[in-house]
Amino acid sequence: MRRPTGRWRIVEMDLWDRDAIDLVEPGFIEFADDGTGQFGFIAVRGAMDCRTTERDDHTVVEFSWDGDDDGDQVSGRGWAALVGDATLEGHLFIHLGDDSGFRAEPFCPCRSAGSAMSEYQYYEFLAVDRPLNDRQLAEVRALSTRARITATSFVNEYHWGNFRGDPNRMMERFYDAHLYLANWGTQRIMLRLPRGLLDIDVAGDYCVGDQVTAWTTGEDLVLDLTSEDEAGDFDPDAVAPMSAIVGVRAELAAGDLRPLHLAWLAGYSDREAGEYAVDHDTEELEPPVPPGLATLTAAQHALADFLRVDDDLLAIAGQTSAPLAETTDVPGELAAWVRELPGAEKDRLLLRIAEDHAAMTVRAEMLRKFRGEHRTPTPASPRRTVADLLDAAARRRADRERQEAARRAEQHARRAKARALAREKRMDELARDEDAAWARIDAMIATRKPSEYDAAAALLTDLQALAECDGRRDTFTQRSQALRHTHARKPRLLERLDRAGV
């Protein structure tokens, strides 16, 4: 009876249902012709060492295996046998753990997009305002056994499979910031703020399709900012880390809307004006342009890079942005302002700090209110259409590329002129003592070194050019042929002379 070969889809197991089997990817077991194999189900992945034997007149593949279970090293044994032509049955044992029978069918190569294995994914979550308590930590740890988890952070990398948790849900319940990377070009940053610090209607002005979204949950507002670039090269080390970006959360809490405007620009950074106009109303206006868009903070620069904001579009957007207004943060004036707060307001703020551990939020609210009362008002910037912005960015890009091309052409011309002058000087020196040059060529060849052969061929090229200028081509040809005859048994030298045309 024939042994099982190829890839089989695990459709049933004694201990786990179909949803569990396909948790990370469609469950499978695969047998190679060289006696090896592999399998995967839930978060278990194993490499098999197989042996074929006969049992009750049936051909059975027995195997040992080792692998990992969501990052933990595991091993075991198992067997599999064909039952008819379209069914595979067997049993799999995990050392010092569970064991389960399974049934598999021939694998269909088609699979849903959501079940495809990934090559690299990176998840990072950060709690800023308050750490997770023991109950919350237990819930988070149940989502992954290999993540690096503390009371304030969660970090995990996947080189195959997917994270079983829901980032949206984790942000709503536990964390204040989330950063995600995938090798297929997805980059995502999420931020959670108290609703009192950022109004949903204000955030809504900057939303763009699925790339910039916002929603409220309880007392909080969640921002979801995404950039996609399937065609770009992926280098996780070149991407701004969470620590460089998370500062924009405090800036938003203080009333600085530049991070939101950067996210909005990112939603249009991969489009041209004509492409945009096909599917959109060309009269759609940009959102309110916040002051200081031409002078970003370090965290805002990192966010712009992370979301791949087009530099030319950012420069055009910043043209109508007013300078940042002067704010008064003199400690004496802040203290006087606090003294003037109504007593009931002070009591309310202190109670929030004591009961909710909301010191960071209360501080942001107070500073925002203080600065709002002491900031010099700036006039609203005129709002342009999206199509006008994209068109202006395209013109700026074209002008910049022309200027860069002109600079490159100028540099090339300077280098060419310098090379010509250097060659002219070299030819003058050769003309003064041509016999010495031929002697140098003999010395170079005598070393039998490839680099010296190259130098000899280059010098012969100069001598050939000098002879042609002086009308002595025949003389050069005679000497070069004599040189070839002398060194006829040096094929590497002759190969270089042939390439040089001498």
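1. His91 stands opposite Gly101, a residue of strand β8. Strands here, like helices, are DSSP runs numbered from the N terminus (a strand is E with at least two residues, a helix H or I with at least four). Strand β7 covers residues 88-94 and pairs with β8 in the antiparallel sense over six bridges; two strands pair if DSSP finds at least two bridges between them.

2. This is a predicted model, in which local features need pLDDT of at least 70 and side-chain atom pairs count only at pLDDT 80 or more, while totals for chains, interfaces and linings use all residues. Residues are numbered from 1 along each chain as its sequence is written, and side-chain values use heavy atoms, with hydrogens and water left out.

3. β7 and β8 form a hairpin with four residues between them. Leu96, in the turn, has a positive phi of about 60°.

4. Strand β8 (residues 99-106) is also joined to strand β1 (residues 6-13) by five bridges, and these two strands run antiparallel. Trp8 has Pro106 in β8 as its bridge partner.

5. Two arginines lie over aromatic rings. A charge sits over a ring if NZ of Lys or CZ of Arg is within 6 Å of the ring centre and within 35 degrees of the ring normal. Arg77 lies over the face of Phe93, 4.0 Å from the ring centre. The charged end of Arg55 sits over the ring of Trp79, at 5.3 Å from its centre.

6. The whole structure holds 14 aromatic pairs. Rings of Phe, Tyr and Trp (its six-membered ring) pair if their centres lie within 6.5 Å; planes under 30 degrees apart count as stacked, over 60 as edge-to-face and the rest as tilted. Tyr123 and Phe163 form a tilted pair, with 5.0 Å centre to centre and 55° between the planes. Tyr123 is in strand β9 (residues 121-126) and Phe163 in the loop between β11 (153-158) and α3 (167-173), so the pair links parts of the chain 40 residues apart. 

7. Tyr123 also forms a tilted pair with Tyr180, 4.9 Å centre to centre and with 55° between the planes. Tyr180 lies in strand β12 (residues 177-182) and Tyr123 in β9, so this pair ties together parts that are 57 residues apart in sequence.

8. Are these tyrosines buried or exposed? Tyr123 counts as buried because its relative accessibility is 7%, and Tyr180 counts as buried at 9%. Buried means under 20% relative accessible area, exposed over 50%, and partly exposed in between (1.4 Å probe, protein chains only). Phe163 is buried too.

9. One aromatic cluster is formed by Tyr123, Phe125, Phe154, Tyr158, Phe163, Phe174, Tyr175 and Tyr180.
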